[in-house]
Amino acid sequence: MTTVTSPLAGRAVGLAAVPDPVFSGAMVGPGTAIDPVRRPTEAVAPVDGLVVSMHPHAFVVMDADGHGVLTHLGIDTVQLNGEGFELLVAKGDQVKRGQPVIKWNPADVEAKGKSPISPIVALEAPAEALSGVAESGDVALGGELFTWN
């Protein structure tokens, strides 16, 4: 069982509210999304594990049970070509839950015409594998988002 915690402070909005059909349709996997506070911030690791994918706008941490958790900072942010994102770790690094991974500013993303809503997805998981999914309400940095059984 893996507890996935929030890499961002903000408001849980659920995947259905993500303005991208790939995420809102849970095609990447089940999970939730955070509408982050609009200030410079650091996205942190949602689980202990290995950074198996690292991009300026997104990262995947795989835990010891082989659960890969995707954190995608904003929608269509790949189009920003890394502008406004600072990587704090590298692919292949071991990270601890709560460890800063990427510095960014959701307000800057929004000012550039992109949604800062950030999906947090359980990769390659069936929807029934998740429980206690936060789909509304305020979420603190490090607050519990869902349990992956």
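What share of the 149 residues in the protein chain is buried? I found that buried residues make up 50% of them, with buried taken as under 20% relative accessible area, exposed as over 50% and partly exposed as in between, for a 1.4 Å probe and protein chains only.

Before going on, I noted that the model is predicted, that local features need pLDDT of at least 70 and side-chain atom pairs pLDDT 80 or more, while totals for chains, interfaces and linings use all residues. Residues are numbered from 1 along each chain as its sequence is written, and side-chain values use heavy atoms, without hydrogens and water.

I then looked up the overall fold and read two helices and 14 strands for the protein chain, these being DSSP runs numbered from the N terminus (helices H or I, at least four residues; strands E, at least two). Of the contacts between residues at least 6 apart in sequence, 71% join residues at least 24 apart, where contact means heavy atoms within 4.5 Å.

For the dimensions, I recorded that the C-alpha atoms fill a box of roughly 40 × 30 × 25 Å along the principal axes.

Next I turned to Thr77, which I located in the loop between strand E7 (68-72) and strand E8 (86-87). Thr77 counts as buried because its relative accessibility is 1%. Leaving out residues up to four places away in sequence, I listed His57, His72, Phe85, Val109 and Lys114 as the residues that Thr77 touches.
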